[in-house]
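Please open the structure in your viewer and keep the selection tool at hand.

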Amino acid sequence: MGEVEIRRSTRRRRTIQAYRDGDRTIVLVPAHLSPEQEREEVARLVARLDARVARTPAGDEELMARARTLSDRYLEGRAVPSSVRWVTNQTQRWGSCTAATGAIRISDRVRDMPDYVVDHVVLHELAHLIEPNHSSRFWALLADYPHAVKAEGFLEGVSWQQR
């Protein structure tokens, strides 16, 4: 959690606010709170911040590391992307790949999905670096991923819901 700094304010009447500033947590509280109320509120807000940080999805660096791991595990390391990043402008696809440059883009809509679904989408795009179409050779590359059917069902359900 790091250091917690409590700032009391006589101008603050009801609201209590907490935010992170580097490794410190700053908590803004009304000056009239009792020490007991302050301890309870600070503990509650710090726990909420910690939970939010735990839910924060991986960034591009983590996505690239995940892609390398998946390539090694399921594609014998043959798929070597030049970049793997989250994008916000893909509303019709879960991911895309430019085989000529090795660039992979994953829709940020996938970010909060279960890990097995994210892995499936990334693995699908990695396979396109080896086989740039949806031929039987392409699908054979994905055959060893044990959660493929479940991930496809999940994505199909999300797509159906968003119609």
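Helices (H or I, at least four residues) and strands (E, at least two) are DSSP runs, numbered from the N terminus. Residues are numbered from 1 along each chain as its sequence is written, and side-chain values use heavy atoms, with hydrogens and water left out. The model is predicted: local features need pLDDT of at least 70, side-chain atom pairs count only at pLDDT 80 or more, and totals for chains, interfaces and linings use all residues.

**First stop: Leu126 and helix α3**

Select Leu126, which lies in helix α3. Is Leu126 buried or exposed? Leu126 has a relative accessible area of 0% and is buried; buried means under 20%, exposed over 50%, and partly exposed in between (1.4 Å probe, protein chains only). Next, display the neighbours of Leu126, where a contact means heavy atoms within 4.5 Å. Leaving aside residues up to four places away in sequence, Leu126 touches Ala67, Leu70, Ser71, Leu75, Ala79, Pro81 and Ile104. Then select Leu141: its C-alpha is 9.6 Å from that of Leu126, and the two residues are 15 apart along the chain.

Now extend the selection to the whole of α3, residues 115–130. From its first C-alpha to its last, this helix of 16 residues reaches 23 Å, close to the 22 Å expected at 1.5 Å a residue; the expected span is 1.5 Å times one less than the number of residues. Because 12 of the 16 residues of α3 are buried, the helix is largely enclosed by the rest of the structure. Among the buried residues are Val117, His120, Glu125 and His128. The cover over the buried residues of α3 includes α2, β4, β5, β6, α4 and α5.

**Second stop: helix α2**

Select residues 60–75, which form α2. This helix has 16 residues and spans 21 Å between its first and last C-alpha, close to the expected 22 Å. Colour Leu63, Met64, Ala67, Leu70, Ser71, Tyr74 and Leu75, the buried residues of α2. Viewed down the axis, these buried residues fall within an arc of 125 degrees, so they line one face of the helix; the arc is that of the directions from the helix axis to the C-beta atoms. An α-helix has 3.6 residues a turn, so residues three or four places apart point the same way. On the other side of α2, Glu61, Asp72 and Arg73 are exposed. What do the buried residues of α2 pack against? They pack against β4 (83–87), β6 (103–107), α3 and α4 (136–141).

Select Glu76, which follows α2 and is placed in the loop between α2 and β4. Although Glu76 is not a glycine, its phi is positive, at about 55 degrees. Glu76 is exposed, with a relative accessible area of 68%.

With a relative accessible area of 48%, Ser82 is partly exposed. Beyond residues up to four places away in sequence, Ser82 touches Met64, Thr101, Gly102 and Ala103.
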